[in-house]
Amino acid sequence: QVHLVEYGGGLVQAGGSLRLSCAASVDIDSFVLMGWFRQVPGNQRDLVAVISAGGSANYGHSTQGRFKISRDNIKNMVYLDIDRLQPEDTSVYYCNARPYGHHEFEYWGQGTQVTVSS
């Protein structure tokens, strides 16, 4: 069974930095893509970043520049580093994984709250 667990969220002042971590219960090499999405209650879930099994990264329109996704295939971890946090980054951040042969992200974590104070 696949489990994704996010941690590292919290309350941060604007301008600060944060690292979110996602621990997978299985070998992340079994996923063609892993990623981070974020969602404010009442809004749609937005893409933050995705990273392929080969390490290629892509970012959402609003997250290029200050966000960096990375992965550690030995530890089965995916990370999201966020610099120069802004109040509009306040959201629940979700880790997810897309298996090979699937067109959707099939597995999701429970989310971790990031709150940025101005």
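Visitor: Which residues do ring pairs link into a cluster?

Guide: Rings of Phe, Tyr and Trp (its six-membered ring) pair if their centres lie within 6.5 Å; planes under 30 degrees apart count as stacked, over 60 as edge-to-face and the rest as tilted. Here, ring pairs join Phe37, Tyr94, Phe105 and Trp108 into a cluster. Please note that this is a predicted model, in which local features need pLDDT of at least 70, side-chain atom pairs count only at pLDDT 80 or more, and totals for chains, interfaces and linings use all residues. Residues are numbered from 1 along each chain as its sequence is written, and side-chain values use heavy atoms, leaving out hydrogens and water.

Visitor: How many aromatic pairs does the structure hold?

Guide: The structure holds five. In one of them, the ring centres of Phe37 and Phe105 are 5.5 Å apart and the planes stand at 70°, so this pair is edge-to-face.

Visitor: Is Phe37 buried or exposed?

Guide: Buried means under 20% relative accessible area, exposed over 50%, partly exposed in between (1.4 Å probe, protein chains only). Phe37 is buried at 14%, and Phe105 is also buried at 14%. Tyr94 and Trp108 form another edge-to-face pair, with centres 6.4 Å apart and planes at 75°. Tyr94 is buried at 15%, whereas Trp108 is partly exposed at 32%.

Visitor: Over which ring does the charged end of Arg45 sit, 4.4 Å from its centre?

Guide: A charge sits over a ring if NZ of Lys or CZ of Arg is within 6 Å of the ring centre and within 35 degrees of the ring normal. That ring belongs to Trp108. Arg45 also lies over the face of Tyr94, 4.1 Å from the ring centre.
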